[in-house]
Amino acid sequence: MKYFLKKIIFFSFPIIIVLIIVNFTIDPANLFSSVYEDKIATALISGNNITNIDNYDERKLQKNIIGKLHTCPKIVVLGSSRTMLINSKNCNSSSFFNSSVSGASIEDILSIYQMYENKNFFPKKIILAIDPWLLNENSGQERWKSIASEYNDFLKSIGEETEEISNDKYYQLISPSYFQSAVKILINGKKMPTVTKNRLNEYLTKLKDGSITYDAKYRNVGDKEILNKVDNFIEGKIYSIEGFNQLSSKHKLLLNELIKKMEDNNTEIVFFLTPYHPKAYEFIAKQFKYANVFESEDYFKKIAKQKNIKVIGSYNPYNVDLNASDFYDGMHCNEKGINLILSMYNK
Amino acid sequence: MLFNSFNFAIFLPIVFIIYWFFTSNNKKYQNLLLMVASYYFYACWDYRFLFLLIFSTLLDYVTGLQMHYAKNRRIKIFWFWLSILINLGFLGIFKYYNFFAESFSKGLSVFGIETSFIFLDVILPVGISFYTFHGLSYVIDIYKNRIEPEKNFIDYSLFVSFFPLLVAGPIERATHLLPQIKKERKFDYEKASEGMRQILWGLFKKIVIADNCAYFANIIFNNSEDYSGSTLVLGALFFTFQIYGDFSGYSDIALGTAKLFGIDLLKNFSFPYFSRDIAEFWRRWHISLSSWFRDYLYIPLGGSKGGTWMKIRNTFIIFIVSGFWHGANWTFIVWGALNALYFLPLMLLNTNRSNLEIAAQGKILPSFREVINILITFSLTVFAWIFFRSDTISHAFLYVRKMFSLTIFSVPQIELRAYFILFIVLIFMLIEWFGREYNYGIGFIKNQKSKYVRYFTYLIIVLSILLLGNFDENEFIYFQF
């Protein structure tokens with residue numbers, strides 16, 4: 001028995017060590033160092049766009065950028081990747097910053113708002129991306145833990161008890177997927193951020209107003225490939241809305257506290273509900289297990305009405321006259337789609 | 001908790017260490033530990049359905065004892081049918097109710113009768129088809145006086161819920177598993193090593209073969225109307241290897257895991273894609289289910305003993321029921337019926353047992369005739385899988401029609417990576433070919449004398465998993481059945 005265990009350890013230990021060393025040293029998503037984010041933040045604050053960026057910690061970048069901002073933007077967007085295309089141009093404002101982060105959970109939104117507040121920055125208007133998973137306690141979103149201290153600052157500020165939060169980024173040290181990304185970087189080299197004045201580039205570009213433009217391949221994707229992406233999106237687990245058994249009362253409370261804070265700070269709030277691709281929407285609408293997606297939309301609209309908050313968009317693409325050509329995939333509108341929704345609001 | 005998840009990688013060593021270090025001298029504690037671990041394993045999916053599992057276990061346990069001690073035959077029959085009806089009732093409600101309601105409703109609407117059946121919004125409890133069949137075989141065996149009932153509830157409960165087989169089989173028999181549970185188990189180095197090797201190979205099949213093939217199979221099947229015939233052929237091939245890698249990979253991990261605890265489970269796969277006829281294929285694919293249907297359905301119906309019409313009837317019944325077992329959809333029924341059609345000529349010509357040994361046994365390469373037979377059987381199987389994978393019958397027929405259009409001669413419209421995956425599949429099948437006389441694909445490694453060669457091979461497999469695997473923790477297909 002002991003001999004068997006020894007052999008297993010003898011065989012697996014070196015593999016695990018190699019896995020840890022490769023994952024830590026290559027660090028494809030820059031989880032264990034902030035140099036990459038700092039470089040991007042400096043370039044953006046200096047009024048440049050930055051391209052050729054890949055796999056950085058978007059939360060750490062927000063912390064870095066907000067820390068470096070000299071004045072408070074008049075309009076701020078707080079949301080997920082679904083609102084990253086909202087920019088100063090389609091909001092008609094030069095004092096604008098998009099602080100969206102991929103897969104933003106309620107904790108992300110509170111924490112990033114808190115970053116502004118910690119700097120005594122109170123934007124005039126906040127466009128709040130209301131994704132359906134905001135009220136799902138089982139959304140699986142964990143990335144906010146890299147800005148957990150701001151989350152606890154928020155809790156303190158509303159008189160709630162702070163939470164013990166363990167950051168499980170160290171799990172990535174033994175993650176096979178992280179290892180695959182590391183090996184790809186070893187083979188192809190790591191993308192280094194490149195300063196540019198162009199908006200559209202071959203690779204994903206972070207614009208100086210915090211919004212993004214996708215890489216050329218993503219922007220120019222064909223209809224068929226988009227449909228493939230939609231199929232992959234609805235096949236299996238749907239992003240962050242699995243296990244959506246109830247509208248979390250804790251998350252509801254946090255959202256209401258956030259709104260109250262914003263109101264106290266004289267900030268105009270706008271709810272932005274990004275639609276799903278029509279095929280994805282139809283699929284979700286038919287599944288009983290996703291019923292809380294629609295319950296949450298009703299809930300958001302109800303509190304918007306109570307608090308006199310403007311609502312733009314809907315999870316239902318047909319409510320905002322979007323069709324399949326307004327999407328990049330199952331849940332991301334393209335620029336045309338975002339512009340259409342915003343133009344309805346501007347009218 | 002999936003076998004290919006981080007949680008399982010933590011769970012298994014913990015149970016293993018407690019089992020051999022703290023309970024190794026006591027069979028009672030070993031079984032209790034495995035039972036608790038199995039219930040925990042199941043509760044990780046959905047603790048609510050744990051009560052269903054425990055109820056089903058209790059029902060069959062009590063039924064077994066009541067039938068054994070019944071004072072007269074009527075009481076025995078009462079308990080027998082009570083258990084059968086409740087077991088099948090659960091299966092019917094959770095798995096088939098909506099299907100029947102919908103089919104009746106559609107059927108009646110043909111005659112202009114509109115009905116409004118109530119449809120149930122229930123999730124299918126994972127593994128229900130498997131543990132129900134465990135229980136059924138136990139009750140039937142006691143009823144037929146083939147076995148004595150198990151008196152120890154923990155032992156019986158472990159027989160039903162042993163975590164390696166709980167959610168997707170193999171479907172065990174009381175005659176095979178219960179004696180092992182009752183026996184003193186001492187750590188066996190050879191068996192444990194064999195288990196680890198089989199787990200490694202199962203993970204390779206699932207993470208590298210099945211999950212990579214699934215990516216392309218899903219794209220092609222979901223958009224079949226947009227693709228050329230040649231691409232659809234590739235789609236069917238991808239699904240063929242996906243389902244094999246997925247289910248046989250699961251079975252390898254299950255069998256390997258059980259070996260770590262000193263328990264041998266029934267073999268579930270035996271290189272089915274090297275079969276030379278459909279009868280051989282069904283002796284090598286999901287063996288525990290095929291043999292269950294043979295013993296508890298086909299033989300009681302008269303098997304192949306009656307006249308020609310009876311043989312035909314029984315063949316269709318067993319294949320259609322087997323198809324229906326996989327899911328409440330007409331696609332599975334057609335898949336079953338298609339296999340019955342494939343099987344029928346062999347049975348009528350009495351050649352269904354002509355290929356009992358593995359192809360090219362004792363030789364490296366098959367004969368020309370064997371190659372042809374393997375290719376024909378494989379093609380028939382690939383064709384049948386189209387019905388299994390399609391969402392609806394009309395989808396399947398459209399798929400087939402498009403596949404056999406003139407575009408079958410065009411260049412497939414698929415990204416380059418797909419060819420790379422097919423290349424990996426080819427290497428995988430070559431390894432399986434060389435391992436076909438063993439219990440699993442890399443079973444031959446244990447005969448390699450040089451430990452350096454052995455460890456190098458393991459290292460290559462681990463690296464292949466790490467570098468080529470798909471780590472999205474995709475569920476195993478058979479969990480849904």
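## Chain B: burial and fold

Of the 481 residues in chain B, 57% are buried, where buried means under 20% relative accessible area, with a 1.4 Å probe and protein chains only. Bear in mind that this is a predicted model, in which local features need pLDDT of at least 70 and side-chain atom pairs count only at pLDDT 80 or more, while totals for chains, interfaces and linings use all residues. Residues are numbered from 1 along each chain as its sequence is written, chains are lettered from A in the order in which they are written, and side-chain values use heavy atoms, without hydrogens and water.

Chain B holds 18 helices and zero strands; these are DSSP runs, with helices being H or I of at least four residues and strands E of at least two. Its radius of gyration is 23 Å, close to the 23 Å from the globule rule for 481 residues, so chain B is as compact as a globular protein of that length. That radius is taken over C-alpha atoms, and the rule is 2.2 Å times the number of residues to the power 0.38. Along the principal axes, the C-alpha trace of chain B spans about 70 × 70 × 45 Å.

The C-alpha atoms of chain A fill a box of roughly 70 × 50 × 50 Å along the principal axes, and 56% of the 347 residues count as buried.

Chain B exposes about 21200 Å², 67% of it from carbon and sulfur atoms.

## Where the chains meet

Now for the interface: 25 residues of chain A are in contact with 30 residues of chain B, contact meaning heavy atoms within 4.5 Å. Together the two chains bury about 2600 Å², 69% of it on carbon and sulfur atoms; buried area is the accessible area (1.4 Å probe) that two parts lose on being put together, summed over both. Met1(A), Phe4(A) and Phe11(A) supply 24% of the area that chain A buries against chain B, more than any other three residues.

Note on methods: Buried means under 20% relative accessible area, exposed over 50%, partly exposed in between (1.4 Å probe, protein chains only). Accessible areas come from the Shrake-Rupley method with a 1.4 Å probe; for residues, only the protein chains shown count as cover.
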